[in-house]
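Dear colleague,

I am handing over the structure we spoke about, and you will find it directly below.

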Amino acid sequence: MNEQVISGYKSQSLGLHGTIPGADQLREKAFSNFEAQGFPTKKSEDWRYSDMRQFHKQAYGLVDHAAKPELPDMLGETAARFVFINGRYSEDLSDLGDLWQAISIRPLANHFMSNEYRVNELITGTDAVSCLNTAMLRDGLVLSVPAGVEIDDPIEIVHVMSDASNQAAHVRHVVELGEYAAVSVIERFIGDDSAYWTNSVLQARVTEGAKLRHIRVQEDGANAVHTAKSYINLDGGSEYICTNVALGGKMSRFDAEVRILVDGAKAIVNGVALAGSGQSHDMHVHISHIAPHSSSDQVFRTVADSHGKTSFQGKITVAKDAQRTLADQSFKALIFDKTAEANAKPELEILADDVKCSHGATVGQLDDKAIFYLTSRGIDPETARQMLVAAFTAEALEKIEFDDIKEALSGRIATWMLTRTATPKA
Amino acid sequence: MLKIKDLHVQVGGTEIIKGLTLEIKPGETHAIMGLNGAGKSTLANTIAGRDDYTVTEGTITYQGKNLLDFEPHERVGEGIFLGFQYPVEIPGVSNLNFMRTALNGVRKYNGLEAMTAADFMKLVRAKAKALDMNPDMLKRFVNVGFSGGEKKRNEMLQMALLDPKLAVLDETDSGLDIDALRIVSEGINAQRRDDTSILLITHYQRLLDYVQPDFVHIMIDGKIVKSGGKELAIELEEKGYASVV
């Protein structure tokens, strides 16, 4: 790693000194950790399918101009909307609805102004990219749902990047669910064609019996690099249901680190990725069963067009005491021609003896028998392919409980099918 | 309706149909019988336009047009229907969505407006009832988990919805018990009109008891070797291919 890049980030991190009380030491520590590791290379097992360094000829700067980009329509009915422009919270563009009456939701900077002692809870993340996020700690949301409170409609967090070439946004969200609370968070990422980097972290603590639904829709601009990590800790009988949809960016990576700490929790991490020409989507999931009687499920469906690439690494670890664990994982990829690439790497590490774990990975092309059957009924080949891709990806969207959002995402997939370049063999 | 002249077809470089000639007029029902490997299914797939079936010689004229100029979905728009010997299972696509997309595809091809969901539901329910189909089958994924008989009934439902001028039915009777055979036959007979034609492809005479053909052809090694009336099928059943041909 280029010395200049490292020192660039160092001065940026130092430049944030004094902005959030109590955070300086945290940033410094995180930066030393980042510096010691450097950016991951392809030699690192966790990053073998994504090369961050090719985009790192220089350090991405921190944007500070106030852009007023156009905001996308909501994906569906929402309880509130929070907007981040170029990594900074925008109060003007956000709409809190009447959510404040039920839960505490505040910009991270403000939150730690009044709760300085809690800053050190943000030390989650030891990999280089998350450490850099912490070293650049500046903005995000702290969302606390009190025990027993259930919010029906989802909360939308929109991250917009605008006119941000060679700039980065390192946003950090903190979600806390009290016992038996329930909330749904939609994270959306959009941006223009500038060559920016969005590096986002969401960390959540889901306490006993609580339920967190998490939908991520990544529609970053064509030249963007997107890295994101979710750290989820699950207590007894709690649930985490995540669906990640990767559509945009030049290179994107989503990393979910879910730890089942207490008996009987359930984790579902699903995803769809559509890689057009020159795009790479990498999904990395690690579900760690530490306590017994818990279950986890992963369903990933990806489609790669000509010169597109999708990758999946799914790891399940079952600790010695985590008896009666149920864990499933299914990855299926479609590739549209010989230049498309799909990588799959399931990993199971099981130390308990009374568990039921399964995994499967397949890579294939659209079924020409099915296409002929559809066309032999008067359906044109283009529509036939769209129907088959919609059916293929549907399984990974199934856990989204909001029909309007599910429909909006299916619509995105149909649109993608219309704009891709390859004609899949039929 | 359909004129096939000296047709030669290759599949994967091997010639399967070797000079077949056949004419079907409006209002006629023809049956082609033959042993496995005679090329019966290849003929059906060639008429439907399957892309790995290459016509090397000969012509297929449908309603005065060169059929080979049309893509598979366009042939359906022109009024041709292929009933599959092995209907394909398509997980994730609901039967209803499939059939509505198909019907509206054909309507669009013919310059008609798309049918609304409500009108389509009315139509499909009525047609399914006539075929004694469980309405649940409409909501399920296309052919997934259907029994052999259910798959064939589903083919008949698609035929009834698309209302073709020429129906080519490839071994529609295979895998059917006697009740299902009767219902499927009623579906085929309902499609017989003065302005429609049917080409039945079958192994056995059984189906022809229910759907009485006007002409029967015997196909061996890629050619029609003998043609006659429905009595030819009975003769074939009694004496076997060896002595009839």
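In chain B, buried residues make up 42% of the 245 residues. Please keep in mind while reading that this is a predicted model.

Chain B as a whole

Chain B holds ten helices and twelve strands. Its radius of gyration is 18 Å, close to the 18 Å that the globule rule gives for 245 residues, so chain B is as compact as a globular protein of that length. Taken along the principal axes, the box filled by its C-alpha atoms is roughly 55 × 40 × 35 Å. Of the contacts in chain B with a separation of 6 or more, 70% are between residues 24 or more positions apart.

The two sheets of chain B

One open sheet of chain B has six strands in the order S6-S9-S10-S3-S11-S12, and its pairing is mixed. Strand S6 (80–83) and strand S12 (223–228) of chain B stand at the edges with a single partner strand each, which means that one side of each is left without a neighbour in the sheet. From one strand to the next, the twist averages 20°. Within this sheet, strand S9 (residues 166–170) and strand S10 (residues 197–202) of chain B pair in the parallel sense over five bridges, and the bridge partner of B:Ala167 in S10(B) is B:Ile198.

Another open sheet of chain B has four strands in the order S2-S1-S4-S5, with antiparallel pairing. Its edge strands are strand S2 (14–24) and strand S5 (65–66) of chain B, each of which pairs on one side only. Strand S4 (residues 53–62) of chain B runs antiparallel to S5(B) and is joined to it by two bridges, with B:Tyr62 standing opposite B:Lys65 in S5(B). Helix H1 (residues 40–48) of chain B packs on this sheet, where it touches strand S1 (2–11), S2 and S4 of chain B, and its direction makes about 70° with that of S4(B).

Helix H9 of chain B

In helix H9 (residues 231–239) of chain B, the buried residues are B:Leu232, B:Ala233 and B:Leu236. Because they cover an arc of only 100° around the axis, they lie on the same side of H9(B). On the other side of H9(B), the residues B:Glu231, B:Glu238 and B:Lys239 are exposed. The cover over the buried residues of H9(B) includes strand S3 (29–33), helix H8 (206–210), strand S11 (215–220), S12 and helix H10 (241–244) of chain B. After H9(B) comes B:Gly240, whose phi is positive, near 85°.

Where the chains meet, and one residue of chain A

The contact between the chains takes 17 residues from chain A and 20 residues from chain B. On the side of chain A that touches chain B, the elements that give two or more residues are helix H5 (368–375) and helix H6 (381–397) of chain A, and H6(A) gives the most, with seven residues. By class, that side of chain A has nine nonpolar, four polar and four charged residues.

Elsewhere in chain A, A:Thr317 lies in strand S18 (residues 309–318). A:Thr317 is partly exposed, with 18 other C-beta atoms within 10 Å. Leaving aside its neighbours within four places in sequence, A:Thr317 is in contact with A:Ser288, A:His289 and A:Glu349.

With best wishes

How values were computed: Residues numbered from 1 in each chain as written. Chains lettered and ligands numbered in written order. Predicted model: local features only at pLDDT ≥ 70, side-chain atom pairs only at ≥ 80, totals over all residues. Pairing = 2+ DSSP bridges. Axes fitted to C-alpha atoms, helices over the stretch in contact; angles between N-to-C directions. Rg over C-alpha atoms; globule rule 2.2 N^0.38 Å. Buried ≥ 20, exposed ≤ 12 C-beta atoms within 10 Å, placed from the backbone. Contact = placed C-beta atoms within 7 Å. Arc of directions from axis to C-beta. Nonpolar A, V, L, I, M, F, W, Y, C, P; charged D, E, K, R; others polar.
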